[in-house]
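Reader: Please take a close look at the aromatic side chains of this model and what surrounds them. One connected account will do.

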Amino acid sequence: MGRILFFVVIAAALYFGWRMWRVKQIQENSQKDRAPHPITKTPGHKMVQCDHCGLYLDEAEAIHKDGHYYCCKQHMIAGPKNNEN
């Protein structure tokens with residue numbers, strides 16, 4: 001009977017030790033998730049609107065023609081929406 005009790009106590013100690021270690025890991029991970037991210041020093045990109053469909057996109061990705069911005073070649077060929085009326 002003494003041996004069984006000894007092994008039960010050892011098993012319980014191992015279980016509770018593992019559980020305490022696991023809870024500590026979870027708490028450390030949640031603190032890392034809450035930590036503020038470093039601010040990047042790169043400036044934001046200017047967003048422009050397609051003059052045909054109204055889609056907003058990065059100025060670097062837009063097609064620029066005659067003072068107008070377009071999202072694709074087909075819209076550039078079609079021209080601004082307000083000229084079609």
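Author: Tyr15, Phe16 and Trp18 form one aromatic cluster; here the rings of Phe, Tyr and Trp (its six-membered ring) pair if their centres lie within 6.5 Å, and planes under 30 degrees apart count as stacked, over 60 as edge-to-face and the rest as tilted. The model is predicted, so local features need pLDDT of at least 70 and side-chain atom pairs count only at pLDDT 80 or more, while totals for chains, interfaces and linings use all residues. Residues are numbered from 1 along each chain as its sequence is written, and side-chain values use heavy atoms, with hydrogens and water left out.

Across the whole structure, a search finds 3 aromatic pairs. One of them joins Phe6 and Phe7 edge-to-face, at 5.4 Å centre to centre and 70° between the planes. Another, between Tyr15 and Trp18, is tilted, with 6.5 Å centre to centre and 35° between the planes. Tyr15 and Trp18 are separated by about one helical turn because they are 3 residues apart in helix 1. Helices (H or I, at least four residues) and strands (E, at least two) are DSSP runs, numbered from the N terminus.

How open are these side chains? Buried means under 20% relative accessible area, exposed over 50%, and partly exposed in between (1.4 Å probe, protein chains only). Phe6 has 47% relative accessibility and therefore counts as partly exposed. Phe7, which lies in helix 1 (residues 2-34), counts as exposed because its relative accessibility is 55%. Tyr15 has a relative accessible area of 41%, so Tyr15 is partly exposed.

Phe6 and Phe7 also belong to a nonpolar patch on the surface, together with Ile10 and Leu14, and the four have about 440 Å² of accessible area together. Like charges are joined within 9 Å, and nonpolar side chains (Val, Leu, Ile, Met, Phe, Trp, Tyr) within 5 Å. Accessible areas come from the Shrake-Rupley method with a 1.4 Å probe; for residues, only the protein chains shown count as cover.

As for the setting, the protein chain has 2 helices and 4 strands, in the order α-β-β-β-β-α from the N terminus on. Of its 85 residues, 13% count as buried. His75, in helix 2 (residues 73-78), counts as buried at 18% relative accessibility.

Technical notes: Patches are made of residues with over 30% relative accessible area and no salt bridge: like charges are joined within 9 Å, nonpolar side chains (Val, Leu, Ile, Met, Phe, Trp, Tyr) within 5 Å. A salt bridge is a side-chain nitrogen of Lys or Arg within 4 Å of a carboxyl oxygen of Asp or Glu.
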